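Please keep the sequence and the three-dimensional view side by side while reading, and follow each contact from one part of the chain to another.

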Amino acid sequence: MKDIKRLIVLPVILMVAGIAFGQTINDHITLSIDEADGRYAKGESVKVYAQSDSTSTYRLKLYVNGLYKSESTVEIGPDRSVIFNESYDKAIALMFEVAGICESSNGNAMIGAIVAPEEFEPGFDEPRDLRKFWRKQFRRMRRSEPVVILTPVPVSNPEYASSTDCFDLEISMPEGRPVRGYIAFPKDAGKRTLPIVIFAHAAGKIHNKWTLSDPEVTAALAHRGGGAIAMDINAHGLLNGQPESYYKGFEDGELHDYSGRNVTSHEEFYFRTMFLRLERALDYACTSPYWDRKRVLVFGESQGGAQSAFLAGVDKRVGAAVMTVPAMMDMGGALKGRLSAWVKPLERDGIDSPAKDIAPYYDGALLLKGCKARLFIEAGLIDVTCPPAGVFSGYNNAKGQKRIYTYPYRPHHEPNAKYHDGWMYIYEARNAFIDEYLE
């Protein structure tokens, strides 16, 4: 089943609170499995190995499809031993956590595995009018003629300063905040020579750097591959280059807990206008005389992955998409007895809430159904924000050239230093995918 058959052995530091004198005992725990990518076929044994500098007793917690399942006590010592060994005859995502006996323990060791991932299906049924709904949204948006404001922005990076045209971009919207971000392209671009690449942002504190558009990032994107029309779009339509107080004002006010709001109607669901701004941005980019009329790539992580899935799923102009631990992919997982993807509306609002009928229209797993764009998707096998079972349910629905990478030690965020080296081949493959498409 695997292209790579090798044993993963990565160190995990487990901090265990000691009983005697309140001291902290630092035990060096190593968890490993037989499959480098954590994927198993049905009937194949899923074995978890453990090793410690000294012999101690720990709790082994098992999570099935993102939900707590059971707990047992295991003894781990200097000799590498099997602490879990089961096989399964159905699609299932497994997560293992080794914790100290004391409740105050932290820094627990974790590893994940997934069985028969090709069989996962979305929790929601696809609404009959899913495509019609978005066509109607686009028609209504396009009735309003866009007003575009371009303001030249200097690029400080000497590698790109003299070779890049970069602009602060604002495009009016008939509802909600405008499209705002940056657009850049090489100064020497010829007509109909460049692809379009759109960078969509992850969620987080509104003032954090990774949530804000950046002219330097945009300029660098404009020189990826063989050059591109690059767009870095602010997810919330906020002004660029403002003082931190401006963004914190939204963070503490109008946009406070925007992802945690109850889903009551399409009009009030926050992500409708976020998605529409992305389509509006693409509409504008496609008017550029430099666009080659062929290539469009969109990419992003988490919330940015959700936006990428949306655009790739509803707009045939998109030829390639990168979705790193994508959010909003299988928000109905709870209906199949598993943990749903962020924004987890059913867990928050309830199984029988209005979210059950509204969220499917925004669910990446359904939007990707039949998608023929080239896809590069990454899933973390210990990700409880965007669980791997849900990511696979969307991946399985796509029909074009596609590849998915999994990593047993990846939570929702990029693996920390302990796991980073083993994950780097995925990061490098992602960059190669982008550059190959843009060349």
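This is a predicted model: local features need pLDDT of at least 70, side-chain atom pairs count only at pLDDT 80 or more; totals for chains, interfaces and linings use all residues.

E119 is partly exposed, with a relative accessible area of 37%, where buried means under 20% relative accessible area, exposed over 50%, and partly exposed in between (1.4 Å probe, protein chains only). The side chain of E119 forms a salt bridge with K42, the closest N and O atoms being 2.8 Å apart; a salt bridge here is a side-chain nitrogen of Lys or Arg within 4 Å of a carboxyl oxygen of Asp or Glu. Because E119 lies in the loop between β9 (109-115) and α1, and K42 in the loop between β3 (39-40) and β4 (45-52), the pair ties together parts that are 77 residues apart in sequence. K42 is likewise partly exposed, its relative accessible area being 42%.

Residues are numbered from 1 along each chain as its sequence is written, and side-chain values use heavy atoms, with hydrogens and water left out.

The chain as a whole has 10 helices and 18 strands, which are DSSP runs numbered from the N terminus (helices H or I, at least four residues; strands E, at least two). The radius of gyration of the chain is 23 Å, close to the 22 Å that the globule rule gives for 439 residues, so the chain is as compact as a globular protein of that length; the radius is taken over C-alpha atoms, and the rule is 2.2 Å times the number of residues to the power 0.38. Along its principal axes the C-alpha trace spans about 70 × 50 × 45 Å, and buried residues make up 57% of the 439 residues.

The structure holds 22 salt bridges. One of them joins the side chains of R140 and E175 (3.9 Å, N to O), and since R140 lies in helix α1 and E175 in the loop between β11 (164-171) and β12 (179-186), this pair ties together parts that are 35 residues apart in sequence. R140 is partly exposed at 35%, and E175 is partly exposed at 26% relative accessibility. A further salt bridge connects E378 with R410, with the closest N and O atoms 2.8 Å apart; it links E378 in strand β17 (residues 374-380) to R410 in the loop between β18 (402-407) and α10 (417-438), 32 residues apart, and both E378 and R410 are buried. Finally, R142, E279, D283, D315 and R317 are linked in a network of salt bridges.

Strand β15 (residues 291-301) contains D292, which counts as buried because its relative accessibility is 11%. The C-alpha atoms of D292 and K191 are separated by 7.5 Å, although these residues are 101 apart along the chain.

What remains is the backbone. Most residues other than glycine have a negative phi, and most peptide bonds are trans. R293, in strand β15, has a phi near 65°, a positive value in a residue other than glycine, and is partly exposed with a relative accessible area of 34%. D330, in the loop between β16 and α6, also has a positive phi, of about 85°, and counts as buried at 0% relative accessibility. The peptide bond from W342 to V343 is cis, with omega near 25°, and V343 is found in the loop between β16 (320-324) and α6 (345-349).
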